[in-house]
Amino acid sequence: MEDNSQDSLIEFPCDFHIKVIGIMSDTFSDSVIKIIKQTDSTFNSSKIEMKPSQNKTYISLTCSVYVNNKKELDHIYSQLSTHPDSRFVI
């Protein structure tokens, strides 16, 4: 029987782009940076692409994150998804 637990279309380690869409607030981007830095201490927050929605109600943050394995990537997604101001993580 094959072990499929390591099956992934992503080759690790790699830089992976994560888009987080959340409520526009003074603290949302800082919270996203803090969450990512828990896993990727080398994360360069100055390279985040930020795009506000037309009505400036939401903000989209595209972050390039360095991950060593699927477990790290899943952890970041999980933490970002459970943030109270997050609406989507893609």
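Two strands pair if DSSP finds at least two bridges between them. With that in mind, isoleucine 21 stands opposite serine 60 in β3. Welcome to this predicted model, in which local features need pLDDT of at least 70, side-chain atom pairs count only at pLDDT 80 or more, and totals for chains, interfaces and linings use all residues. Residues are numbered from 1 along each chain as its sequence is written, and side-chain values use heavy atoms, leaving out hydrogens and water.

**Strands and their partners**

- Helices (H or I, at least four residues) and strands (E, at least two) are DSSP runs, numbered from the N terminus.
- Ten bridges link β1 and β3, which pair in the antiparallel sense.
- β1 also runs antiparallel to β4, joined to this strand by three bridges.
- Isoleucine 21 stands opposite phenylalanine 88 in β4.

**The nonpolar core**

- A nonpolar core is a set of buried Ala, Val, Leu, Ile, Met, Phe, Trp, Tyr and Cys residues joined through side-chain atoms within 4.5 Å.
- Here the largest one has 19 residues, and Ile18, Val32, Cys63, Val65 and Leu80 have the most contacts inside it.
- At least two residues of this core come from each of β1 (14-23), α1 (28-39), β3 (58-67) and α2 (70-81).
- In soluble globular proteins, nonpolar side chains tend to be buried together.

**Leucine 80 and serine 86**

- Contact means heavy atoms within 4.5 Å; beyond its neighbours within four places in sequence, leucine 80 is in contact with Ile18, Val20, Val32, Ile35, Ser86 and Val89.
- Serine 86 belongs to strand β4 (residues 86-89).
- Is serine 86 buried or exposed? Serine 86 is buried, because its relative accessible area is 10% and buried means under 20% relative accessible area, exposed over 50%, partly exposed in between (1.4 Å probe, protein chains only).
- A polar atom of the serine 86 side chain lies 2.7 Å from the backbone oxygen of leucine 80.
- Setting aside neighbours within four places in sequence, serine 86 is in contact with Val20, Ile21, Gly22, Phe28, Leu80 and Ser81.

**Cysteines**

- How many disulfides does the structure hold? There are zero disulfides, a disulfide being a pair of cysteine sulfur atoms within 2.5 Å.
- The sulfur of cysteine 14 has its closest cysteine sulfur in cysteine 63, 15 Å away, and is therefore too far for a bond.
- Cysteine 14 counts as buried at 14% relative accessibility.
- Cysteine 63 is buried too, with a relative accessible area of 0%.

Note on methods: Polar contact = N/O pair within 3.5 Å; in protein donor to acceptor, adjacent residues only side chain to side chain.
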